[in-house]
Amino acid sequence: QDDQFKKVISHAKEYGYVFQSSEIYDGLSAVYDYGQNGVELKKNIRDYWWKSMVQMHDNIVGLDAAIFMHPTTWKASGHVDAFSDPLIDNKDSKKRYRADVLVEDYCLKIETKIEKEVKKAQKRFGDAFNKEEFLSTNPRVLGYQEKIDTILSRLGKSLEKEDLADVKLLIEELGIGCPLSGSKNWTDVKQFNLMFGTKLGASAESAMDLYLRPETAQGIFVNFLNVQKTGRMKIPFGIAQTGKAFRNEIVARQFIFRMREFEQMEMQFFIKPGTQGEWYKHWKEARMKWHLSLGMGEDNYRFHDHEKLAHYADAAADIEFKFPFGFKELEGIHSRTDFDLKAHEEHSGKKLQYFDHEDNASYTPYVLETSIGLDRMFLAVFSNSLVEEELENNTTRTVLKLPAVLAPVKAAVFPLVKKDGLPEVAKQIIDDLKYDFNVFYDEKDAVGKRYRRQDANGTPFCITVDHDTLEDKMVTIRHRDTMEQKRVLITDLAAIIDKEVNF
Ligand code: ATP
């Protein structure tokens, strides 16, 4: 698993997808830059989301609100008071941890140990191995299991809102986080606000304390009436937005899974109070369908229904994806009630109500939210696509099997050789295709090598111009995944590519 994840990270760099930010200065932790291919993949994911949410829905419109917002916004939303993570410092190692992550990692490590024991026993006993029996009788496994049970019974399944003093005790008791030194010298668990502060204004006296937005949702809420009135929107309707959000994550790791500057794709759907149950169900299904439409494997997704809910929600679920380090949250679907609109009414003194002509009455709408991290989706797509394939001749090839609709480059065009007029024909093909698709010209090295480069880059089609092309106006088109090659007319290329890459 670790190895696969390392491969993902180095491949992302080698092929111009993701670079560490400010790398020449040794980088900035949990901040990343997208390279020439990464920017295209990211844009394609964003477009795929936008099209399905905005273009395909008559009753959903877009918005692009500013990153800076009036500071009262974050009072109203609850972020000033409640947007924090539990933090704990080890006094000996002087290292800082997120208490919940520390405990979660510990559980994962124990689970891995159990798996190892199972594998060992399986090898030893062969066909006679009975897993159920082994798990319920092996003393070592039982010892591990007891530790997990202790944690679960003390903290519950969700580690989000536990009693902080209890977490500290648990960490000390089990020696969590310090397997080597056994250090039990911890500070108390403190709440640490995740918002980045900054200042607006020139002079120290008049400057206003601002925050970089930690989510895009609030820009939608404060514009609810502007959009509703100017767009003559009728409930139910949605407002969608993509854009940067910032969080001062304590434990920032796992590459672009948890970043300090990231991009969200959020949609707030405004509904009549009382209908939230059906809309919650609707959006859970609709969002899962969207994910499955990319063909990345049904088994890689699952729902996680929240038992403990955030202060604004009456129901919440995550769509989890199987990342190289296990199933983790990719998208959240939250039934936010009228919490946000009511809070903004209260703090601004302005009404944020909707007049329902059918009922001849005004009300504060309820809100259903779908919220997905663009970078996290990028990681899901990228890590799931990277495969090493055994070929028939006992060699391997590295292929990035990106869904064709998301691939940065749709087709690469090669002249078989750098002479005899073949480059000119290839360049003409590029000129014809580039109005509709992102295409790439390559004439360096043998064709086999060029194919491999494009496989690793995720390009769905390679098109080769050879000497026969000059006579029959046909080229060889090779498919990335099947490696199948076909001879087709140059004039048919656009339609063939379009069929697979358009959405
Ligand atoms: P997590 O539990 O992983 O911190 P969250 O529950 O705080 O996430 P939300 O506030 O619901 O996340 O944000 C919605 C989505 O934004 C998440 O599902 C995730 O895809 C993305 N996201 C949140 N925080 C980050 C981050 N630090 N880096 C990248 N993406 C993020």
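Axes are lines fitted to C-alpha atoms, for helices over the stretch in contact, and angles run from 0 to 180 degrees between N-to-C directions.

## Model and numbering

This is a predicted model, in which local features need pLDDT of at least 70 and side-chain atom pairs count only at pLDDT 80 or more, while totals for chains, interfaces and linings use all residues. Residues are numbered from 1 along each chain as its sequence is written.

## Helices α2 and α13

Helix α2 (residues 38–55) and helix α13 (residues 374–385) cross at roughly 110°, and their axes come within 10 Å. Helices (H or I, at least four residues) and strands (E, at least two) are DSSP runs, numbered from the N terminus. The two helices α2 and α13 are therefore roughly perpendicular to each other; angles of 65 to 115 degrees count as such, under 35 as roughly parallel, over 145 as roughly antiparallel and the rest as oblique.

On the α2 side the contact is made by Leu41, Lys42, Ile45 and Arg46, which meet Leu374, Met377, Phe378 and Val381 in α13. Residues are in contact if their C-beta atoms, placed from the backbone, lie within 7 Å. By class, the contact of α2 with α13 holds six nonpolar, no polar and two charged residues. Here Ala, Val, Leu, Ile, Met, Phe, Trp, Tyr, Cys and Pro count as nonpolar, Asp, Glu, Lys and Arg as charged, and the others, Gly among them, as polar.

## Helices α5 and α8

Helix α5 (residues 99–125) packs against helix α8 (residues 164–174) at an angle of about 40°, with the axes 10 Å apart. The pair α5 and α8 is therefore oblique. The crossing of α5 past α8 is left-handed, meaning that the near helix is turned anticlockwise from the far one by less than a right angle; clockwise would be right-handed.

Ala99, Leu102 and Val103 of α5 meet Val167, Leu170 and Ile171 of α8. This contact of α5 with α8 has six nonpolar residues, with no polar and no charged ones.

## The seven-stranded sheet

An open, mixed sheet of seven strands has the order β3-β9-β10-β16-β13-β12-β11. Two strands pair if DSSP finds at least two bridges between them. At the edges stand β3 (60–62) and β11 (301–305), each with a single partner strand, so one side of each has no neighbour in the sheet. From one strand to the next, the twist averages 25°.

Strand β3 runs parallel to strand β9 (residues 237–246), and three bridges join them. In this pair, Gly62 stands opposite Ala240 in β9.

The peptide bond from Ile235 to Pro236 is cis, with omega near 5°, and Pro236 is placed in the loop between α10 (224–230) and β9. Phe255, in the loop between β9 and β10 (261–271), has phi near 60°, a positive value in a residue other than glycine.

## The five-stranded sheet

Five strands make up an open sheet with mixed pairing, in the order β20-β19-β21-β22-β23. Its edge strands, β20 (439–441) and β23 (485–489), each pair on one side only. Neighbouring strands of this sheet are turned by 25° against each other on average, direction ignored.

Strand β19 (residues 411–415) pairs with β20 in the parallel sense over three bridges. Val413 stands opposite Tyr441 in β20.

## Domains

The protein chain is divided into domain 1 (50–75 + 196–383), domain 2 (84–192) and domain 3 (409–501), with bounds from an automatic or database domain assignment. The centres of domain 1 and domain 2, taken over C-alpha atoms, are separated by 33 Å.

Note on methods: Contact = placed C-beta atoms within 7 Å.
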